[in-house]
Structure formats: structure tokens, C-alpha cells
Amino acid sequence: MLKKKHAHKEKKESTHLFLFILGGVLLYFLSGWVDELRVYQGASIAVYVIAISSIILLTGYSGQVSLGHGALMAVGAYAAAVLRIEYNLPIILCFVAAVLVAAIGGALLGAAAARLSGPYLAGTTLALAVGLPSLANQFTVLGGEQGLLFDVGFPPLALGEEFTQYKWFFWIAGLAALISLWTIRNLLNSAYGRAWKAGRANEVAAQLAGINTARSKVLAFTISAGIAGLAGALLAMTIGTVSPSAFPLALSFAVLTGAVLAGITTLGGVIVGAVVLVIIPEIADLIAHKLGSSESVITNLPGLIVSGLLILTVLFVPNGPVEQHRARKAKHEALLGSTH
Amino acid sequence: MQLLNTLLIGITAGSIYALMAIAFVLVWRSTRVVNFAQAGMALLSTYFGYEAVSRIGSFWVALPVAMIGGAIFAALVELILMRLLVKHASSGAIAGVAPIIATLGLLGVIRAVISMIWGGQDLRIVAPISNDGFTINGSTLVFSPLKLLILVVVVILLILLSILFQRTNLGLALRASAHAPEIARLSGVRVDAVRTLGWALAGAAGAVAGLFQTVNGNGTFSPDSIEFSLLLVSGFIAAVIGGLDSLLGAVLGGLFLGITISFVLMYVSSGLFFIAPFIVLLTVLFVRPQGIIGVKASRRA
Amino acid sequence: MSLNVSNLTVHHGAICAVNQVSLAVPTGKLAAIIGSNGAGKTTLLRALSGLNKPTHGVVNWMGETITGTKPEKLVRLGISHVSEGKSVIPELTVKENLELGAIWRKDAKEMKESVDQVVSIFPRLGERISQRSDTLSGGERQMLAIGRAIMSKPKLLLLDEPSLGLAPLVVEQIFQTIRDLTTQMRLTVLLVEQNAMGALKIADLGIVLNLGKVVAVNHAQALIEDPAVRAAYLGY
């Protein structure tokens, strides 16, 4: 019985791996068909997917709130850019370094965070998000207000003459997103993931069950920060520079918003959150022009829609639209099952 | 002389943080929510004040207008958003973070609406009196008539607030509802209404903080002004230093933060302006997690 | 009959804590509700004072239906509830705790008179009038909780386990005070107690609750002598 279950699980694992690979292949062809703007948006979506999944891991699973992931993204971006400029490291190593440096920052923050709960942690990370990017002005190696250039280089010639820079961005970000999702998904299904969930549901009970909740929380913060660092470096890649103004408070909020819209307790809806964040400005533009609104309305409509959605989601679909749908379907099926 | 200067600047800034911290504490006490939209509400009130100044021309009209506007807006937020939140999001996996996310959403909505109405550009409120420093024995202080005025007004407001809380039935109802809502209800206190009142008072306190932060700076403000992000962070930190539950603690926390930051900027590096509050907060949380003035959670049985 | 409860049912989620309870207490009488842990005593009391919403049934007080009325309104109708576990607010002084009880009347003079009255009943509170109430002993806190309830000039007093965690001597004193108050102020009292013997001794009538249902109602003295009640609740 046990063996059978195990085999079943293994089979499930391999289907998932297959799905991820299939997704990658699909994206590869997709990037050939659509225009440049869409490709660029695709890269942005991939970046947001990574950032949002780092929040879902942290908040949805380990129950810790961070309003400061924008700052951790900045840490990753600066780490990558400095290594690229000062030591001319290969781009893949820059991204690895972004993960590691941000993870170290996350571990430090996490050690403080493990002693804090709910609003205290939120406020502390908020203070970090406001304060940290401005530190860049203190060190000349970080380039001050103008920031640093971050150039991942041209796509390899082997990919052909037609292969554009944006497509290259999209490839890198897309691949990074697939790898991140794959890693996070496996982490969440591991003993670590269960420890996080147990700690979130009931800290005392988890402790009594032998889980070191403090260490488990710090670990969650470290991993989440590392992933956020990767997202930051990729974001810097798509912009081309790393500067304090690229990582404003609004970025921290946007990522959190994406996570809530995605359904903060499951990884399943992460793409929904990322897509919404990227296409809302476009939709808002459309609405504003239809209504013939003034300039100030047009520029601020996306912000209004995103924030409004955030409130409405928390109030009416607190677990996110995807999870809500799944729960309803499960309930429906259970009802059907009971009548048979 | 430099020492005195640094101290006085710290006290002035600290008194503004104290008002903001009071706003946080009032909201925390009434609904157990940290209102991250507090700075947005203060900003909105500042725009109310700006409208009053530009129509009537007097800062002394703008102040009460901003306070009343801020109070009404905060009361509406409690009546609509907070009550919906209690109704829909008080259980489940997201319950712990729902208020945080909802108030952040509110912050975004407020900012967007302000930008739509007033535009994104800098607006200016002229200070009622000069912000040029006093001159003593030929040397000029940074401490100015304006800063003195801010201090005096804040002290007056604090006295009024403490009379309200310590000497009136309303204050008793506010305190009872904060510490033990069920006992308050059983004593006939309309706890729901008292909660709304707590938010309204917080809105008024935040309004004063917003106006003073603006005139104490360079007089300009905008929807994206970093001053207000800083006010949000500083007010929160001051409240945490004071234990989040105590009004006196909020005042002392504000002064402590203001003075500490002032000294750090003067004697360590002025480049630490934005990160200094974070460092102070981390230090406090590590040394005394229950806040400097906070009462120990354990009580005698 | 001043308090009439018929077919009252209260649920906690899916659990039925109070199941079709009917009872009546005449004006000026002290009724003791006894029963083991989890019998639904506290839930019943909380439903009467408006803290819990009943799913079914009717509560009638002095000819008025008050089912589901909020506690802050019920205080104004003369119903005072002292909830379980020394219901005082530790952050407030003794005087403030007392004043809280009369806060809805908004009359300073009357408030002062009521404070004096409570102090004359509980002189110990008078000695500690301006101390924070977390400096009080357990017995003093219970006096303060009852004092706060009296401040609102109630006609119906709902008391939830006033003897909880107190020394035997203090328990006896508190029970005696409750008896005296009932008689002197012509209060109607509903006293929920684990200490069945102590409660029945001072009560006029007794109500036995088991698993959310009323299983016996009788004169208190009769219940004390009832062999079944003795065996189940009085321990001999």
C-alpha cells in the first residue's frame, strides 16, 4: 500500500517535471509569434512570477508578512550589477550571486523577523523598504542616484540574426521563472514546506510537534529573499540599470498585491497575479481613453485599479480567485459524490 | 551650542512623530489594526488644509479644517472598510495579514485619488511664521519661531487629549473599550461607536502631523512625497517604541526617535536620513521587544 | 415572573451548547444554575445578556421580548452581567472600573452617589479606590466586578462563577453578599456556579443543566435534599 502510494507520487512528480518542460517549449515558440512589446511584457511577467512566488512562500506558507521585498530585490540587483561591472563575471554567475547576497540579507532580516509577529514585522520591513534603496547614495561603487548600468550582453549569435534583445530578456527571465517555480514547488511539498504550514497554522502546536519554528521561519525568510534577489536582478536586466528609483516602496506593494491577487496561500495562481500586474496599466489606459479622461486620471488609474482590487480581493475572495474557484469546484464535486 | 541645536531639532521632529504615533496607537487600541494608510490619510488631510489656505489664506483656519476633514475620513474608513474586514476576513489563512493588506490597498487608493484630483506636482503651504532660526549672542540657531510654534501646538493638543482620556466619561469609554471590549459592552458602552471615534481622533492627530511635517520641511508636498513615507515609518516606529498600546508611550517614543535621529544625522552621517529609523527600530526590537515603556504582558494573577 | 426563557437554543458552530432551555425566575428571587463543566451554563448566561446570539427561542424580560438584543442596550433595560473570571479591567483604577458601570447614565451626581453606595457595601474597595485594579486580591476583584454591575442599578443580575479561584472563606463572604444584595435591592439574580452546594444554599430555586438541557428545576432546598442531585453535583 505504502509502496504503491510512493510510486504514485513519483509518477506525479515526473508529470509535473514534464509539464514544466512543456511550458518552456511552449514559451519558446510563443516568443517567436508575438510582437516585441508582448515579448517585453512576457519578460516582465516572468520577473513578477518569481517575485510573487517569493512572497507566497513567505506569507502564504510561513505566515510572515514582508512589505520590504522591493528592498531585497534591490539587494540582488545591486549585487549582480556590481559583479558584472567590477569583475565582468559571466551573467549566469551574476544571477547566482544575486540569489546568494539577497539570501544573506534575508537571513539577517529573518533572524530579526523571527522575534516579530504580524504588524511589527510588516512595519519593520516597511522601514527597510523606505530606507535601504537610499543607502545606494552613500557608496560610490553603487553609483548614487543615477545607479549602475546592468547589461547582460547581446543574445548568442547561435540563436540567429533575427533573435532580438527583448527576446533574449524573455528567455532568461522565463527560464529563471520555470526553475524558481520548480524549486519552490518542491520545497513547499517537502518537510520544510509542511513545517512552515504547521507553524503558520499554530505555532505552539508546531513546537510541541518538535518543529523548531524560529529556525523554520528564518529559513523561509532566507529562501524567499534569495528568490526576490533573483527577481530584482532580472528586473534590472529588463530596465538596463540599477538605481534607487527602480526599487521604490510601490514595488514592494505591487509584489504583495500580485501575491494576494494570485491567492497568497497557493502557488497555483501565481501567473494570474503576474499577468494582472502587467496588463492592468494597459487596460486602465484603454478605459481612460474611452472615457476621454484627463492626463492625471490616465496616469493614476492603474494605481487605483490595483489598490482597489487588492482591497476587494482581501474582502471578498481572501484566498485568491484561483483557490476560491478550486474550493468551490471541490465542494460541488463532494456534493455530487454524496448524492450517488 | 551645536548640542542644543541638535536637541531642539530632534524634539521638534519628535513631537511630529509623536502625533503620528498617537494616531497609530489610537487605531491599534480601538480595532487592533496597524493602519498603514495612516500616512495617506495624513496626506489627504494636508490637501484639505491646502484648500483651506488657498481659499481663506490663513494657516489657523487650515489646521482645524484639516483635522475635521481627517477625522471624518478616518471615521468613514472605520465604518466601511474595517467593518467589512471584520465581517469577511476575520478567519482563515489570510486573517492575520488581511488588515495589513487592506490598509495598504487603502493607501494606494488614497494616493491615486489625490493624484487624480490635485495632480502629481508639488504644492506649497506657507508657514504661518518664520522658519529662520533664532539668534542668540550673535550665533544663529536652526531652532526657529516656527519650530517653537509647532512644539507649543503639539503640547496643547497633548494636554487636551490627556484631559479627554483621563477626565471625561468619553475617555473612560475609550480606554475601557480598548482594554476589554466585552466588559465595556456589558457596562453599556456602545463599543462600535467608540471604535469609530478612536479612528476619528487618529485621523485628526494624523492631519496635524501631516501639516506640520510639511511646513517644518520645505513647505511643499505631493502624492509621492517621500516625507510622508518617512512620516509613516517614523510614526510607526515611535508607536512601537512606546509599546503600541500606550498614548504616553507614543509621545515618549516620538521624542526618543526624533532626538536619536537628530543626533545620528549630526554626529554620524547625514546620509543615514532614511535608514536611521530602521536601525533605531531594529535596536529597540532586539533590546526590548515589548517597547521601552510597554507594560510586561504578564500580570499578577 | 420577571424573566421568562422559552425553548432557547444556542450553537457554537456545529455544536449545540444550549438545547431548548426554558426557565422562569420570579422578581426578587435568586436562581442558581448548576451543572458540570460544559453543561452550557456560561453560554446560557451569555445568550441572556446578548453576548451570544441564540439560534432559536425567546427571552422575555418584564413583558418585553429581548432575544438577540445587544448587551449595551440590555444594560439600559436593567440587566447586568458579571462575566466569568473576575471581570474587571486591570488597566483602570478601582474608581474607574466602578464609574464604567454607570457610564451610560451620563449623570455625574448620580454616578458619585452610586460609587458611595458600592463602597458602603464593599468597604475594602473604598480603601483602594484610586489604585489600579490589578493590585487587588482575587476576592477584591470579584467584589469590584459585582460592584461595577450594581453601579448600573440593575433589576436583573447575571453572575457567572463568582467563586472561581477564590479561597473558601472568601467564597462564603461573596455568596453572603450576593444573598444580601438580592434581598435588600429586590434584585432578580441568576447565579451560575460550579460550587453547587454554596450556590444552592443561598438560592431560592435551583436549575440543573446537563449537556445543554434543563434536567431539574426545584426549590433550592429540595434540590439539596434530592439524592440524584446530591450524587451527581454535591459529591456525597
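## Exercises on strands, helices and chain contacts

In β9(C), C:Ile34 has C:Val208 as its bridge partner. The model behind these exercises is predicted.

**Exercise 1.** Is strand β9 of chain C mostly covered or mostly open?

*Solution.* 
Step 1. Take the strand as residues 205-210.
Step 2. Apply the cut-off: a residue is buried if 20 or more other C-beta atoms lie within 10 Å of its own.
Step 3. Five of the six residues of β9(C) are buried, and the strand is mostly covered.

**Exercise 2.** Describe how helices α3 and α4 of chain B pack: at what angle, and with which residues?

*Solution.* 
Step 1. α3(B) (residues 59-88) and α4(B) (residues 98-118) pack at an angle of about 140 degrees. Their axes are 10 Å apart. The crossing of α3(B) past α4(B) is right-handed.
Step 2. List the residues. α3(B) brings B:Val77, B:Leu81 and B:Leu85. These meet B:Ala98, B:Pro99, B:Ala102 and B:Leu106 of α4(B).
Step 3. Sort them. The contact of α3(B) with α4(B) has seven nonpolar residues, no polar ones and no charged ones.

**Exercise 3.** Which pair of chains has the most contacts, and what makes up the side of chain B that touches chain A?

*Solution.* 
Step 1. Rule out a pair. Chains A and C do not touch; their nearest C-alpha atoms are 18 Å apart.
Step 2. Two pairs of chains touch, and chains A and B have the most contacts.
Step 3. Count the residues. Chain B gives 41 residues to the contact and chain A gives 43.
Step 4. Assign the side of chain B. α3, α4, α9 (226-241) and α11 (276-287) of chain B each supply at least two residues. α4(B) gives the most, with 14 residues.
Step 5. Sort by type. This side of chain B has 30 nonpolar residues, 10 polar residues and one charged residue.

How values were computed. Residues are numbered from 1 along each chain as its sequence is written. Chains are lettered from A and ligands numbered from 1 in the order in which they are written. This is a predicted model: local features need pLDDT of at least 70, side-chain atom pairs count only at pLDDT 80 or more; totals for chains, interfaces and linings use all residues. A residue is buried if 20 or more other C-beta atoms lie within 10 Å of its own, exposed if 12 or fewer, and partly exposed in between; C-beta atoms are placed from the backbone. Helices (H or I, at least four residues) and strands (E, at least two) are DSSP runs, numbered from the N terminus. Two strands pair if DSSP finds at least two bridges between them. Axes are lines fitted to C-alpha atoms, for helices over the stretch in contact, and angles run from 0 to 180 degrees between N-to-C directions. A crossing is left-handed if the near helix is turned anticlockwise from the far one by less than a right angle, and right-handed if clockwise. Two residues are in contact if their C-beta atoms, placed from the backbone, lie within 7 Å. Ala, Val, Leu, Ile, Met, Phe, Trp, Tyr, Cys and Pro count as nonpolar, Asp, Glu, Lys and Arg as charged, and the others, Gly among them, as polar.
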